[in-house]
Number of protein chains: 2
Amino acid sequence: MDSQRLDPTATVADLGEFGLIEAITRVTAEQAPGEDVLVGPGDDAAVLRVRRGHVVVSTDLMVEGRHFRRDWSEAEDVGHRAAAQNLADIAAMGGRAQWLTVGLAVPADLPASWVLDFARGFSAECGAVGAGLVGGDLSRADQITIAVTVMGACTVSPVLRSGARPGDVLALCGRQGWAAGGLAVLGRGFRSPRVLVEAHRRPQPPYAAGPQAAEAGASAMVDVSDGLLAEAGHLARASGVSIDIDTAALEVPEPLAAGAAATGADPLQLVLTGGDDHALLATFPADVALPEGWRRIGSVTAAGGEPGVLVDGTTPEGATGWSHF
Amino acid sequence: MDSQRLDPTATVADLGEFGLIEAITRVTAEQAPGEDVLVGPGDDAAVLRVRRGHVVVSTDLMVEGRHFRRDWSEAEDVGHRAAAQNLADIAAMGGRAQWLTVGLAVPADLPASWVLDFARGFSAECGAVGAGLVGGDLSRADQITIAVTVMGACTVSPVLRSGARPGDVLALCGRQGWAAGGLAVLGRGFRSPRVLVEAHRRPQPPYAAGPQAAEAGASAMVDVSDGLLAEAGHLARASGVSIDIDTAALEVPEPLAAGAAATGADPLQLVLTGGDDHALLATFPADVALPEGWRRIGSVTAAGGEPGVLVDGTTPEGATGWSHF
C-alpha cells in the first residue's frame, strides 16, 4: 500500500505499528537501498560494510511546532528537510553520507498518509546523494518528533571546526538567509516570495561542496544550521581565532530583499543570523584557490582577546543566531 | 557543573542549550569516551575508527508517558534503560556495542538536574560495556523524547532473525517477565517486590551472551523487547518455520510469582508476553552445546501452515505482546 492507495482517513492507529512499518518500507523501497548494506531494516540492527576504516556519524532532532508546522510545510517537505539537515552535517566534515536511521514519534490520530509522505520525501532526499535508509523506530507521542542519525565517510581527513588559522580566508557555499526569509514570510501569513518559502520547506545544502572543499585543503568547516554569526563563532572559538565577516562580500539576492521588504526585516540581518539553509562555511589557507561555488566572505585573524566573530571589524550586537531554549 | 552542584530549581531553559550541553559533557566525561573515537562530540559529526570492515547499527525511541513515567522512574533509571535497550540490539546481532548518539527533546521547564541525572545513568550503562557517547542533539518539546542510536561490530557473522531451521533448539538467556511484573506492580500503586520494580527501571540485558551465542553457532537471535511470544513470532516468520515454546521449561522465579499474586496477574502470562527485559532469544542447531546462561525453552519445527509460534503445540490465544499504537 502506498499513500496514493491508502484510505485518506486512515490514522496511524488504524494501521497499527506493524502495518505502518510495512507501508513505510514499501515507500522507501522506491529508492535504491544505498550501497554496502549487508543487512537492511527489519532485524535487530542493520549491518553496513565500511570500506575506508572509519565512519562519520551525526544525529539531529526535529520537533513539530518547534522546527516545522504542519500548516506551513507538507509532510513530504518535512521529510526532505529532516534528511537534508543531517546529510549536511556529513558534508560539513568533508564527507559523503551513506546511511541513515529515523526514529519517528507521532500522535495516534495522525493521518497515516502524513507518515508515508514524510517517508517519501525523506528517502527521495537521501536517494539524491546515494544514501539509503537502513533502520528506524516508531512510537506514539503527543507531538511529531523526528530523530535522524546519518553515517558516512571521508576520502581525505575530516575537516574539523578547530583548524582555522590566522591568515586563512573565510568562504561560504550555498544559499544563506533564504530559509529564515521564508519563515518570516510565513509568519506574516504570506506565501511569497515562493522561492523563500520553498527554501524553508526544503533547504538545498550544497552537499558535494563539502568533500570538494576538503580535497582542496579547507582548514575548518561547519554547516550553517544556527545562523552565519553563530556558526562563524563556533569556528572561531574551536580554533582560537577571530573571524571577521566582510558584509560587502555578502550577497543579498533579489528574493531575499523582496521578502525582507514585505516583512519589515533587514535583509542583511537575515543573511547574518538566519538559520536552516545549511550552507557550508569554511576557512581555506590564503594560497588555496576556492573550489567552484565558494565565495570569500571574510578573513581569519589572530584573536586579540577572546576568540570570536567580528562583522566589518566590530563585535556584533544583539542576538547572533538560534538557541533551542 | 554537575547535578550535585547545580541549583536544584534550575530548569533546562535557565541553563540554555549551550549551558546544558556543556553540563552534560562534564557528566558524560566521567566515563571513558569509548575506544576508537577519532573525533568525539562537539563537531558537526563524530569520526569513529572501524577495525572490522563493518558497523552494526540500531535506533530506538523512548517517550515519556509511553515508555516511562517520571513518578515511577528516576532520571538516572531512564538513562540506564535508554542505553540498555539499544545496547541489547547490538548484542542480539551477536555484536559488541561501541558508540552511541542521543537525541533528547525536553520541556523548557524540566529541571536541568533531570537531564544531567539521565546523562549520568546513560553513560554509566554504556561505560559498563565499554561503549561511549559520541554525539547528540537537544531540542525543546512538550514531552520528553529520547532517541538513541547505537553502533558496534561483530567478531563472527551477525546472527539474523532469519536463520532458524527445523530441528534447532530454542533457548533464552536473561530475565523474562520481570520488567512487565514491575510495571504491573507500579500500576497498582505498589513498590514491591522491589526486584521487579528495579527490573522495569533498569533492565539487565545479558550483553555478553549475544557474542557468546554467535561464537557458539546460534542460527538466529533477537532481543525480547516486545514479549517472548511476539519475538519468537518474529524469528518464526523471518525464518519460515514454526517455533514451539515448552512452558514446562519456562522459569517462574519467586519474585515474579509474588508480583503476579499481588496484582492478580498470571505469572506465566507475564513470562510469555511481558516486554522490556531485553533477554536474548536464540535458536541453536541441536548438536551445539548451549553456552553458559542459556536454557532450552522450546524447539523449531517445519511450518505446517503459516510460520508462527506455538505454545505447548497449540496456537496461543489473545494478545501476544506489545504494539505501539
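## Helix α7 of chain B

The buried residues of α7(B) are B:L228, B:L229, B:A230, B:E231, B:A232, B:G233, B:H234, B:L235, B:A236 and B:S239, a residue being buried if 20 or more other C-beta atoms, placed from the backbone, lie within 10 Å of its own. The helix is thus mostly covered, with 10 of its 12 residues buried. Helices (H or I, at least four residues) and strands (E, at least two) are DSSP runs numbered from the N terminus. The model is predicted: local features need pLDDT of at least 70 and side-chain atom pairs count only at pLDDT 80 or more, while totals for chains, interfaces and linings use all residues. Residues are numbered from 1 along each chain as its sequence is written, and chains are lettered from A and ligands numbered from 1 in the order in which they are written.

Helix α7(B) comprises residues 228-239 and reaches 16 Å from its first C-alpha to its last, close to the expected 16 Å; the expected span is 1.5 Å times one less than the number of residues. The cover over its buried residues includes β8 (220-223), β9 (241-245), α9 (267-273), β10 (280-284) and β12 (308-311) of chain B. After the helix comes B:G240, with a positive phi near 70°.

## Chain A as a whole

Chain A contains nine helices and 12 strands. Its radius of gyration is 20 Å, which agrees with the value near 20 Å for a compact globule of 325 residues; the radius is taken over C-alpha atoms, and the globule rule is 2.2 Å times the number of residues to the power 0.38. Along the principal axes, the C-alpha atoms fill a box of roughly 60 × 50 × 30 Å.

Of the 325 residues of chain A, 60% count as buried. Among contacts between residues at least 6 apart in sequence, 86% join residues at least 24 apart, a contact meaning that the C-beta atoms, placed from the backbone, lie within 7 Å.

An open sheet of six strands runs in the order β5(A)-β4(A)-β6(A)-β3(A)-β2(B)-β1(B), with mixed pairing; two strands pair if DSSP finds at least two bridges between them. Its edge strands are β5 of chain A and β1 (37-39) of chain B, each pairing on one side only. The twist averages 25° from one strand to the next; axes are lines fitted to C-alpha atoms, for helices over the stretch in contact, and angles run from 0 to 180 degrees between N-to-C directions.

Within this sheet, β3 (54-63) and β6 (145-154) of chain A are antiparallel over eight bridges, and A:T59 has A:T149 as its bridge partner in β6(A). Helix α2 (75-91) of chain A packs on the sheet, touching β3, β4 and β6 of chain A, and its direction makes about 30° with that of β6(A). Helix α3(A) also packs there, touching β4 and β5 of chain A, at about 170° to β4(A).

Strands β4 (95-106) and β5 of chain A run parallel, joined by eight bridges, and A:W99 stands opposite A:G132 in β5(A). Eight of the nine residues of β5(A) (132-140) are buried.

Another open, mixed sheet of six strands has the order β1(A)-β2(A)-β3(B)-β6(B)-β4(B)-β5(B). Strands β1 (37-39) of chain A and β5 (132-140) of chain B each have a single partner strand, so one side of each is left without a neighbour in the sheet.

Strand β2 (46-49) of chain A is joined to β3 (54-63) of chain B by four bridges in an antiparallel arrangement. There, A:L48 has B:V55 as its bridge partner in β3(B).

Notes:
Two residues are in contact if their C-beta atoms, placed from the backbone, lie within 7 Å.
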